[in-house]
Amino acid sequence: RCPGSDLDRAKKKKSHQNLCRMKKVLSIENLAVGYPQKSGALEILGNLDLCLFEGELVCFMGPNGIGKSTLMRTMAGLQAPLEGRVNIMDQNLKTMKSNEKARMISIVLTERILAGGLTALEAIQMGRYPYTGWNMRLKGKDQESIDRAVSLSGTKSLLNQQLYTLSDGQMQKVMIARALAQDTPIMILDEPTVHLDLDNRLEIMTLLKSLTRETQKAVLMATHELDLSLQMADKLWLAGLDKKIHTGIPEDLVLNGALDATFQMKGFDLKSGRVVHHPQPGKIIAMEGEGALYLWTKNAVERWGFSVQDDPDAPKIKVSGNEQEYYWELFTKEKVYKMHTMEALLNQLKP
């Protein structure tokens with residue numbers, strides 16, 4: 001039943017067998033999640049068959065309110081399924097004691113810890129609770145796990161700071177360190193980048209990616225970071241309006257249209273990863289060049305309403321130079337212009 005209930009199992013049998021040769025750490029079978037009500041259960045997502053494998057970063061995506069958090073809470077044992085089962089290392093999650101679950105799955109939520117008087121070190125040490133019990137007496141193995149978590153997460157400089165003094169990005173790294181100290185084969189994160197700026201979002205995604213490689217953990221994160229997920233995730237889970245989860249590597253889901261069907265983006269071409277610009281009538285330009293400078297120039301002129309075509313009668317831009325020096329030449333019927341900034345080029349193109 002790996003990796004997804006929406007796949008044609010007859011056609012995909014061979015590829016499923018190959019995927020399942022990897023070490024499977026979590027699977028869900030015929031799972032339905034939602035909320036019981038007096039008038040009958042409210043099913044959010046249903047008929048799910050999914051797997052998590054060690055050493056993979058899986059980004060779970062879909063529109064707001066589609067049921068991502070509900071499914072992850074059910075997978076973590078925080079919420080009972082409506083039907084079906086969750087297996088961890090082939091053991092039914094329902095039969096596991098709380099302490100056993102805590103040694104298998106660590107969770108990072110978006111909410112900040114209210115006990116702001118704690119230091120970052122004390123918060124990370126709390127990750128050892130499944131092993132120490134209520135008295136939190138740390139032994140050698142506990143300290144080794146804490147030290148490794150601090151090293152992997154890059155939080156050494158934060159250890160003596162109180163939580164209320166930390167920025168959102170620093171707090172998220174501390175929470176990830178706490179989950180690492182918990183020493184579980186599975187990490188589940190609910191939108192860990194939601195309050196962060198671009199630099200911190202990239203840092204957290206890079207950290208999670210490296211953790212899967214260095215620790216072989218299975219990392220599942222709910223996220224809206226489409227651009228970063230397409231570049232960094234090993235797998236995507238896409239929750240659609242059909243109450244199914246579509247799974248696969250990012251490139252396959254782009255090419256087969258699953259991402260378009262899920263997000264139905266207007267004005268963004270997922271296949272190229274670019275915003276769609278609509279050229280203005282009669283604004284045609286030819287271009288010559290290569291590399292990043294050519295691509296950024298093409299993006300700029302298309303944003304200004306030009307259609308880039310190989311037209312011998314149209315004005316032509318020639319992009320030249322290297323990382324140390326670059327320039328643009330604009331060939332028109334009347335004159336050749338040479339410019340050293342893209343702004344100057346665009347100003348020259350103005351009617």
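Trainee: How many residues are in the largest nonpolar core?
Mentor: This is a predicted model. The residues with the most contacts inside the core are I124, V174, I176, L189, L208, L236 and L259. In soluble globular proteins, nonpolar side chains tend to be buried together. The size of the largest nonpolar core is 44 residues.

Trainee: Which element gives the largest share of this core?
Mentor: The core in question is the one of 44 residues. The largest share of it amounts to 8 residues, and the element that supplies them is α7.

Trainee: Which residues does I124 touch, not counting those up to four places away in sequence?
Mentor: I124 is among the residues with the most contacts inside the largest core. With residues up to four places away in sequence left out, the list for I124 is I146, V150, T155, L159, V174, A177, R178 and A181.

Trainee: How many residues are in another core that lies apart from the largest one?
Mentor: Members of that other core include V58, I88, I188 and I245. Its size is 31 residues.

Trainee: How many salt bridges does a search of the whole structure find?
Mentor: One of the links is a network that joins K209, R213 and D234. The search of the whole structure gives a total of 9.

Trainee: How many residues apart in sequence are the parts tied together by K235 and E56?
Mentor: K235 and E56 form a salt bridge, with the closest N and O atoms 3.2 Å apart. K235 lies in strand β9, whereas E56 lies in the loop between β2 and β3, so the pair ties together parts whose separation in sequence is 179 residues.

Trainee: Is E56 buried or exposed?
Mentor: Buried means under 20% relative accessible area. E56 has a relative accessible area of 8%, so E56 counts as buried.

Trainee: Where in the chain does D183 lie?
Mentor: D183 forms a salt bridge with K141, the closest N and O atoms being 3.5 Å apart. The pair links distant parts of the chain, 42 residues apart, with K141 in helix α6. K141 is partly exposed at 47% relative accessible area, and D183 is partly exposed at 33%. D183 itself lies in the loop between α7 and β7.

Trainee: Which strands do K316 and E288 lie in?
Mentor: The side chains of K316 and E288 meet in a salt bridge, at 2.7 Å from N to O. K316 is partly exposed with a relative accessible area of 32%, and E288 is partly exposed with 33%. The pair ties together parts 28 residues apart in sequence, because K316 lies in strand β15 and E288 in strand β13.

Technical notes: Residues numbered from 1 in each chain as written. Predicted model: local features only at pLDDT ≥ 70, side-chain atom pairs only at ≥ 80, totals over all residues. Heavy atoms only, no water. Salt bridge = Lys/Arg side-chain N within 4 Å of Asp/Glu carboxyl O. Helix = DSSP H or I, 4+ residues; strand = E, 2+ residues; numbered from the N terminus. Buried < 20%, exposed > 50% of the residue type's maximum accessible area, 1.4 Å probe, protein only. Core = buried A, V, L, I, M, F, W, Y, C linked by side-chain atoms within 4.5 Å. Contact = heavy atoms within 4.5 Å.
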